[in-house]
Amino acid sequence: MEGVSREIRLVARPQGFPDEELFEVAEAPIPDPAEGQVLIRNAFFSVDPYMRPRMNDVRSYVAPFTLGEAMTGGAVGRVAASRNSRYSEGDWVLHQLGWREWALSDGATIRRLDPTVAPVSTSLGVLGMPGFTAWYGLFVLGRPESGETVLVSGAAGAVGSAAGQMAAIAGCKVIGSAGTEEKLAWLRELGFDAAFNYRETSPREALAKLAPDGIDIYFDNVGGEHLEAAIGSLRTRGRVVACGSIARYNDAEPSSGPRNLFMVVTKRLRIEGFIISDHFDRFGEFVREATEWVHEGRLRYRETVVEGIENAPKAFLGLLRGENIGKMLVKVGPAE
């Protein structure tokens with residue numbers, strides 16, 4: 001196919017907080033699909049917190065990004081040409097080939113989407129990996145019971161906003177933390193019982209005021225000071241769902257852990273981490289429930305959309321600074 005496809009490549013490793021100089025916009029010819037392949041014109045791709053640790057040259061639960069190659073991650077697009085019998089031109093699909101305008105796939109790891117069920121962008125957010133992360137972490141690990149109190153940090157992000165609403169669906173009192181007044185207003189609109197600005201009030205002080213009798217579940221997206229405060233506030237046999245630690249991802253040196261970890265023993269707490277890719281056998285169950293909640297208006301979402309592939313690094317760094325409300329997406333092609 002004639003023309004060029006732009007992609008974003010990582011060209012250097014970060015030291016501390018990353019900057020745009022670590023990325024480059026590169027061009028490659030739009031490929032023609034070979035037998036068994038499909039060519040996809042991307043509409044959106046996702047920028048996510050888990051991508052920050054992958055920029056380091058240290059293996060965690062997945063391999064680090066390779067310098068000089070396009071960044072990978074969730075993306076949705078439309079099949080422009082197909083030589084694979086399972087996909088036809090015009091099909092909307094989800095794939096993991098990430099930060100590029102055009103993607104070539106053998107079809108093995110892509111999933112067809114139905115645009116009549118929900119906008120295709122939701123497969124990267126509330127009906128995709130972030131929503132599934134919230135659902136699995138809360139219901140499978142947190143196991144909420146009606147009447148319990150749940151604290152969610154990073155509550156205005158894609159995972160946190162879904163986790164908080166799901167806790168409300170389960171009949172819980174929900175407290176959220178966020179970093180701006182605009183985000184707090186949105187949390188109240190979503191039905192959170194209480195919310196606080198962690199930039200103005202420490203988590204410990206906020207919990208003493210908003211949950212004087214303690215909390216039962218802490219859905220942790222940030223780590224750091226929030227985790228220490230939550231451990232102090234948790235009731236006996238409370239649960240911590242350890243989802244992420246974005247407050248620590250850009251530390252140049254290791255930070256000290258919570259100073260009150262002894263309470264894990266005295267309160268008989270349970271702290272459990274998870275990687276959502278280990279649990280995709282439950283994805284169908286999640287989608288059925290979450291799609292119904294979205295249609296009923298019980299699970300709402302917002303998207304922060306940045307236009308143009310050249311602005312993807314800016315969108316990613318904005319995500320790390322907390323500039324998004326809901327899911328941060330980069331739009332790189334037609335969405336209809």
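**Exercise 1. Helix H2 against helix H8**

Task: In this predicted model, identify which residues of H2 meet which residues of H8, and describe how the axes cross.

Solution. 
- Step 1: list the contacts. On the H2 side they are Gly131, Phe132, Trp135 and Phe139. On the H8 side they are Phe283, Glu285, Phe286, Glu289 and Trp293.
- Step 2: sort them by class. The contact of H2 with H8 holds six nonpolar residues, one polar residue and two charged residues.
- Step 3: Two packed helices are described by the angle between their axes and the distance between the axes.
- Step 4: apply them. H2 covers residues 129-142 and H8 covers residues 283-296. Their axes come within 10 Å and cross at roughly 105 degrees.
- Step 5: name the geometry. Angles of 65 to 115 degrees count as roughly perpendicular. H2 is therefore roughly perpendicular to H8.

**Exercise 2. Strand order in the open sheet**

Task: Give the order of the six strands in the open sheet, and say which strands are at the edges.

Solution. 
- Step 1: write the order. It is E10-E9-E8-E11-E12-E13, with parallel pairing.
- Step 2: find the edges. Strand E10 (194-197) and E13 each pair on one side only.
- Step 3: From one strand to the next it averages 15 degrees.

**Exercise 3. Positive phi**

Task: Where do Arg143 and Arg237 lie, and what is phi at Arg143 and at Arg237?

Solution. 
- Step 1: Arg143. This residue lies in the loop between H2 and E8. Its phi is positive, about 50 degrees, although Arg143 is not a glycine.
- Step 2: Arg237. This residue sits in strand E12. Its phi is also positive, about 65 degrees, and Arg237 is not a glycine either.

**Exercise 4. The surroundings of Val306**

Task: Which residues does Val306 contact, leaving aside neighbours within four places in sequence?

Solution. 
- Step 1: locate the residue. Val306 belongs to strand E14 (residues 303-307).
- Step 2: list the contacts, using heavy atoms within 4.5 Å. They are Asn311, Ala315, Met328, Leu329, Val330 and Lys331.
- Step 3: look further along the chain. Phe44 is 262 residues away from Val306, yet their C-alpha atoms are separated by 9.6 Å.

**Exercise 5. Overall dimensions**

Task: What radius of gyration would a compact globule of 336 residues have, and what does the protein have?

Solution. 
- Step 1: count the elements. The protein has nine helices and 15 strands.
- Step 2: A compact globule with 336 residues would have a radius of gyration near 20 Å. The protein has 20 Å, which agrees.
- Step 3: check the extents. The C-alpha trace spans about 65 × 45 × 35 Å along its principal axes.

How values were computed:
Residues are numbered from 1 along each chain as its sequence is written. This is a predicted model: local features need pLDDT of at least 70, side-chain atom pairs count only at pLDDT 80 or more; totals for chains, interfaces and linings use all residues. Side-chain values use heavy atoms; hydrogens and water are left out. Axes are lines fitted to C-alpha atoms, for helices over the stretch in contact, and angles run from 0 to 180 degrees between N-to-C directions. Helices (H or I, at least four residues) and strands (E, at least two) are DSSP runs, numbered from the N terminus. Angles under 35 degrees count as roughly parallel, over 145 as roughly antiparallel, 65 to 115 as roughly perpendicular and the rest as oblique. Ala, Val, Leu, Ile, Met, Phe, Trp, Tyr, Cys and Pro count as nonpolar, Asp, Glu, Lys and Arg as charged, and the others, Gly among them, as polar. The radius of gyration is taken over C-alpha atoms; the globule rule is 2.2 Å times the number of residues to the power 0.38. Two strands pair if DSSP finds at least two bridges between them.
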